[in-house]
Amino acid sequence: MRRVSKLSQVAVAVASLALAASACGKTSSEASKGDGDGDGKGAAGSSYKGKGIGLAYDIGGQGDQSFNDAAFSGYDKARKEFKIGGVDMEPGDGESSADKVQRLEQLARQGYDPVIGVGFVYAPAVEAAAKKYPKTTFGIIDDNTVKADNVADLVFHEEQGSYLAGVAAAKASKAKHVGFIGGVDIPLIHKFEAGFVQGVKSVDPKIEIEKRYLTEKPEEGGFSSPDKGQNAASGQIEAGADVIYHAAGLSGQGVIQEAGSQKKWAIGVDSDQYKQKALAKYKDYILGSALKDVGGAVYDLSKSVVEGEPMKGEQRYDLKSGRVGFADSNPRYREMKDVVAAVEKAKEDVISGKVEVKTAP
């Protein structure tokens, strides 16, 4: 799907949406015609009356090679499988909560169902829009505070995937010195740190761990500034770390680039960053990625709406469900049999309940 920046060539059904978007964010892609009959409803079945999926991105937008791109993968899969339409929208620079409310309400008003906010920053907007459009199903990723009969809170045990990342980092480190870089100093990212540190210490309590948060608030660019990630990684490598795990969204690209350029290991997050074209130059140094299947959650919610039984309430994904894990795409990682074995054993221990992973440092 291609990104659009003006109204020419945009489907008529989306024209009013694009006009509204000029005030509250940029339309990232056109609405699909679904099954080609022009009604936008596709071939999902007579029970589905929506126009398709409405997806509103978090800070960094599509192309972050991480969190937002993971959401897009589920959106894209659902649209193709169920032959329904959809529109995905970018956040505006320095936008307010009111802008987010306007975006979600516009999607609901246009007939998109479900409407999904990608990221905890959408919580107030989802709450407001869900009240105004009770017949539309809303979803929010990474937040479980919105309680309504037409809202699904799509949340994860991020600490579990991070625990595996910590085990991998500790086993792969030759310097016995690793690093963690979080995008923003908030409770959600603290879960990544907590799991990672516990995983490292489970291998060797004496391993030294560098820790760094890029910003205190999301609007300060912690999730959207590769230069900040690069500078932080440079500092940790200079301090002695030879494996760095990031939970920093788009900023993580800078972490991986710096680690790769200095021939140090990097561990990605959310998506399998080894497979991403934008990072291909550095992929040999991407040890693995702590996976959080945001795309799977988007797909699950979309499927439930299409089938007439919308998900609602808290939906929490973990290692056992397969929506959290550790990617092993890099052949260099798979060659390290002791590392792979340690990660697999750690996974078994978490799933069995033998190990309970902390959610706070």
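Student: Which residue just after helix 7 takes a positive phi?

Tutor: Glycine 240 does, with a phi of about 125 degrees. Keep in mind that this is a predicted model.

Student: How many residues does helix 7 have, and what distance should they span?

Tutor: Count 1.5 Å a residue.

Student: Which residues of helix 7 are buried?

Tutor: Buried means under 20% relative accessible area. In helix 7, Gly229, Ala232, Ala233, Gln236 and Ile237 are buried. Their arc around the axis is only 135 degrees, so they sit on the same side of helix 7.

Student: Which residues are exposed on the other side of helix 7?

Tutor: Asn231 and Glu238 are exposed there.

Student: What covers the buried residues of helix 7?

Tutor: The cover includes strand 7 (177-184), strand 8 (208-215) and strand 9 (243-247). Helix 8 (252-261) is also part of the cover.

Student: Now take a loop residue. Where does glutamine 65 lie?

Tutor: Glutamine 65 is in the loop between strand 2 (52-56) and helix 2 (67-82).

Student: Is glutamine 65 buried or exposed?

Tutor: Check the relative accessibility against the cut-off: buried means under 20%. Glutamine 65 has 13%, so it counts as buried.

Student: Which residues is glutamine 65 in contact with, leaving aside its neighbours within four places in sequence?

Tutor: Its contacts are Gln253, Ser271, Gln273, Gln276, Lys277 and Ala278. Glutamine 65 and leucine 250 are 185 residues apart in sequence, yet their C-alpha atoms are 6.8 Å apart in space.

Student: What about a charged residue? Where does glutamate 158 lie, and is it buried or exposed?

Tutor: Glutamate 158 lies in helix 5 (residues 158-172). Its relative accessibility is 4%, so glutamate 158 counts as buried.

Student: Which side chain does a polar contact join to that of glutamate 158?

Tutor: That of lysine 191, at 2.6 Å. Not counting residues up to four places away in sequence, glutamate 158 touches Asp142, Leu188, Lys191, Phe192 and Lys292.

Student: Step back to the whole protein. How many helices and strands does it have, and what share of its residues count as buried?

Tutor: The protein has eleven helices and 13 strands. Of its 361 residues, 59% count as buried.

Student: What share of the contacts with a separation of 6 or more comes from residues 24 or more positions apart?

Tutor: They account for 68% of those contacts in the protein. As for surface, the protein exposes about 14800 Å², and carbon and sulfur atoms supply 47% of it.

Definitions and conventions. Residues numbered from 1 in each chain as written. Predicted model: local features only at pLDDT ≥ 70, side-chain atom pairs only at ≥ 80, totals over all residues. Heavy atoms only, no water. Helix = DSSP H or I, 4+ residues; strand = E, 2+ residues; numbered from the N terminus. Expected span 1.5 Å × (residues − 1). Buried < 20%, exposed > 50% of the residue type's maximum accessible area, 1.4 Å probe, protein only. Arc of directions from axis to C-beta. Contact = heavy atoms within 4.5 Å. Polar contact = N/O pair within 3.5 Å; in protein donor to acceptor, adjacent residues only side chain to side chain. Areas by Shrake-Rupley, 256 points an atom, 1.4 Å probe, with all protein chains shown as cover.
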